[in-house]
Amino acid sequence: MAESPSSSQPILKLRGVSKQFGAVQALTDIELDVHPGEVVALVGDNGAGKSTLVKVLAGVHQPTGGTIEFMGKPVTMDSPGRAIELGIATVFQDLALCENLDVVANLFLGQELSPWALDEVQMEVQAWTLLRELSARIPSVREPIASLSGGQRQTVAIARSLLTDPRIIMLDEPTAALGVAQTAEVLNLIERVRDRGLGVILISHNMEDVRAVADRIVVLRLGRNNGVFTAEDSNSDLISAITGATENAVSRRQARKLEEVGEAT
Ligand SMILES: Nc1ncnc2c1ncn2[C@@H]1O[C@H](COP(=O)(O)OP(=O)(O)O)[C@@H](O)[C@H]1O
Ligand SMILES: [Mg+2]
């Protein structure tokens, strides 16, 4: 199991974070640190609490317990706008791009440079600069989103979130719908973002992707932390933490022992 890198102060620090929906305890006592220039993968089975945690960090849901520190200070994110203002950007799974608009329009949607006199030239220059910095393979920034591949769309969505100048970017299943080449492209982009010194939180079901880019792999199970791993740890340990196979193995062993004791007496 991995220790958090202690060389830098975490950008984001969660302690004891819980979230209850009525009788459902979706998150219990979550601990999470994200450092600058680090990719933290958040993995877990369906219902583990990944999306709930993302929504808490995006200001969509309010936690029912615990503390969130951002850049060393306790914060309350009572709206999505507040999270973005602080510097936590989220690329949700549906991407929320406008199919009929071109790349530039999508990048600046809702954040046009000067709202009463849209500076098209300036926006196009900025769009190209950003996409070039990210080594993004977009044929033209005047291409409508509808004509782009899944990987290119993901790139546009990630680039758009970078325009708010965040310190943390959360990506929810960014490779879920992508083929091999496009997945590689997006993983490459994630490394570029990390190289800019951002903290990246990557939610993914794909262990191969997670192992390829994550500096640390944080496992959630039934709404709780269930271990921190790195790409060096064995796949079976990681899978056991996700599925709870270890617990079952332990409890099976204990049950057997109890039976043996029972038989002996
Ligand atoms: N809005 C909600 N209302 C009630 N229960 C919810 C809500 N959102 C999530 N949950 C519950 O919280 C738990 C964690 O869900 P979720 O965060 O979606 O897990 P994951 O994304 O890891 O699959 C599940 O039991 C789910 O049913
Ligand atoms: Mg989910």
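Two strands count as paired here if DSSP finds at least two bridges between them, and helices (H or I, at least four residues) and strands (E, at least two) are DSSP runs numbered from the N terminus. With that in hand, isoleucine 88 has isoleucine 168 in E7 as its bridge partner.

A bit of housekeeping. This is a predicted model, where local features need pLDDT of at least 70, side-chain atom pairs count only at pLDDT 80 or more, and totals for chains, interfaces and linings use all residues. Residues are numbered from 1 along each chain as its sequence is written, chains are lettered from A and ligands numbered from 1 in the order in which they are written, and side-chain values use heavy atoms, with hydrogens and water left out.

## The six-stranded sheet

Let's start with the mixed sheet. Its six strands run in the order E6-E7-E8-E3-E9-E10, and the sheet is open. E6 and strand E10 (224-229) sit at the edges with a single partner strand each, so one side of each has no neighbour in the sheet. From one strand to the next the twist averages 20°.

Strands of a sheet pair through backbone hydrogen bonds, either parallel or antiparallel. Here are some of the pairings, including one from the other sheet:

| Pair | Sense | Bridges |
|---|---|---|
| E6 (residues 88-91) and E7 | parallel | four |
| E7 and E8 (residues 199-203) | parallel | five |
| E9 (residues 216-221) and E10 | antiparallel | four |
| E1 (residues 12-21) and E2 | antiparallel | seven |

Isoleucine 168 also has a bridge partner in E8, namely glycine 199. Over at E10, arginine 224 stands opposite arginine 221.

## H5 and its neighbours

H5 packs on this sheet, where it touches E6 and E7, and its direction makes about 165° with that of E6. Angles run from 0 to 180 degrees between N-to-C directions, and axes are lines fitted to C-alpha atoms, for helices over the stretch in contact.

H5 (residues 150-162) also packs against H6 (residues 180-195), at an angle of about 15° and with the axes 8 Å apart.

Who touches whom? Contact means heavy atoms within 4.5 Å. On the H5 side there are Gly150, Gly151, Gln154, Thr155, Ile158 and Leu162, and they meet Gln182, Val186, Leu189 and Val193 in H6. By class, that contact has five nonpolar, five polar and no charged residues. Nonpolar covers Ala, Val, Leu, Ile, Met, Phe, Trp, Tyr, Cys and Pro, charged covers Asp, Glu, Lys and Arg, and the others, Gly among them, are polar.

Leucine 14 stands opposite leucine 32 in E2.

H1 is mostly covered, with six of its eight residues buried: Lys50, Thr52, Leu53, Val54, Val56 and Leu57. After H1 comes glycine 59, with a positive phi near 80°.

Technical notes: Buried < 20%, exposed > 50% of the residue type's maximum accessible area, 1.4 Å probe, protein only.
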